[in-house]
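Please open the model in your viewer and keep the selection tool at hand. The stops below say what to select next and what is there.

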Amino acid sequence: MMVLPADFQFSQASLQDFVACPRRFQLRYLMGLRWPAVPAEPIEEHERRMRLGTEFHRLVQRYLLGVPEERITRCIRDPELQNWWLSFLSHDPVAHYGGDDSAAKVRSELSLVGRVAGYRLVAKYDVVIVVPRKQAVILDWKTSHRPPTVPWLRRRLQTRVYPYVLVQAGALLNGRVPVQPRQVEMVYWYPGFPDQTVRLPYSASQYALDDEYLGSQVEMIAACGEGDFALAEDEKSCKYCAYRSYCGRGDRAGNIDDADAELDFDLDPDDFDFDLEQIAEIEF
Ligand code: SF4
């Protein structure tokens, strides 16, 4: 018997979980088990990094809402966060990627809703900069402690879902005409590595590939019965997974500094701080 509710909302985070481990998708999104254990140790360091990532996102959001720079700077206590913030101010990625165009619409913490295989697909963007009928840049802050690797970012579902949903649902920002895939660029910006920005242009052919791929993943999930959500084949994923005890895959979390870039593990708030209930949406 199928277990996916007809009104289920997909996101890059839930699809990423399914691709990494179908069982994790089931435990987290269908059974509603949110935080059974810490995914990495030491716990304090894991929590500190998560908190810093979330705070950085908030600082930038406040800045883009018009809170004066000095006021924000005065409130920062953590030296690492301070460095990230100063790096943001000196590189000014929002202006650099189109925000200084007089016609640009800059939106932070924007949620858009598209559709895939009959289901809603939600994307929550750090920043979207649209110069109507010209360009549409998705800026994403990555606060992990390792430099970006392009192959890893290309494999992330976020890289596929964010441009895909913007093409489907971005018309209101684009002078009320549909966003063309060739207008779109996904930019990953690391405050800890500001000179290693990753730019991934989008295209009509990539949109078609994403449509097929995302549709096939959603159809696969929709066809699953309760006993069909398999455990991850590669047990490396389990080391940093909060559901280890449910699967008999060890009771110790992996060390945070050993997580290599190839693992499906990231300390980015985008992957965790995602509450579908709170979305003020613009729907496709
Ligand atoms: S512990 Fe391993 S098998 Fe279990 S949900 Fe996590 S990744 Fe999947």
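## Around the ligand

Begin with helix H2, which gives the most to the shell around the ligand, with 3 residues; helices here are DSSP runs of H or I with at least four residues, strands are DSSP runs of E with at least two, and both are numbered from the N terminus. What you have open is a predicted model, in which local features need pLDDT of at least 70 and side-chain atom pairs count only at pLDDT 80 or more, while totals for chains, interfaces and linings use all residues. Residues are numbered from 1 along each chain as its sequence is written.

Next, select the ligand and what surrounds it: the shell has 13 residues, of which the closest are Cys21, Leu231, Cys238, Cys241 and Cys247 (a residue is near a molecule or strand if its C-beta atom, placed from the backbone, lies within 6 Å of it). The elements that give two or more residues to this shell are H2 (22-30), helix H10 (236-239) and helix H11 (244-247). Colour the shell by class and you will find 8 nonpolar, 1 polar and 4 charged residues, where Ala, Val, Leu, Ile, Met, Phe, Trp, Tyr, Cys and Pro count as nonpolar, Asp, Glu, Lys and Arg as charged, and the others, Gly among them, as polar.

## Two pairs of helices

Axes are lines fitted to C-alpha atoms, for helices over the stretch in contact, and angles run from 0 to 180 degrees between N-to-C directions; angles under 35 degrees count as roughly parallel, over 145 as roughly antiparallel, 65 to 115 as roughly perpendicular and the rest as oblique. In this contact, Ser14, Asp17, Phe18 and Ala20 in H1 meet Pro22, Arg24, Phe25, Arg28 and Tyr29 in H2 (two residues are in contact if their C-beta atoms, placed from the backbone, lie within 7 Å).

Now select helix H8 (residues 157-169) and helix H9 (residues 204-223), which pack at an angle of about 110° with their axes 10 Å apart, and are therefore roughly perpendicular to each other. Arg160, Val161, Tyr164 and Val167 in H8 meet Tyr207, Asp210, Tyr213 and Leu214 in H9, a contact with 6 nonpolar, no polar and 2 charged residues.

## Into the core

Which residues touch the most other members of the largest nonpolar core? Among its 52 residues they are Val128, Ile129, Val161, Val165 and Leu166; such a core is a set of buried Ala, Val, Leu, Ile, Met, Phe, Trp, Tyr and Cys residues joined through C-beta atoms within 7 Å. A residue is buried if 20 or more other C-beta atoms, placed from the backbone, lie within 10 Å of its own, exposed if 12 or fewer, and partly exposed in between. The largest share of the core, 9 residues, comes from strand S4 (residues 119-131).

## Last stops

Select Glu109, which lies in strand S3 (residues 105-116) and has a positive phi of about 50° although it is not a glycine; Glu109 is partly exposed, with 16 other C-beta atoms within 10 Å. Then move to Arg176, in the loop between H8 and strand S6 (184-189), where phi is positive at about 65° although the residue is not a glycine. Arg176 counts as exposed, with 9 C-beta neighbours inside 10 Å.
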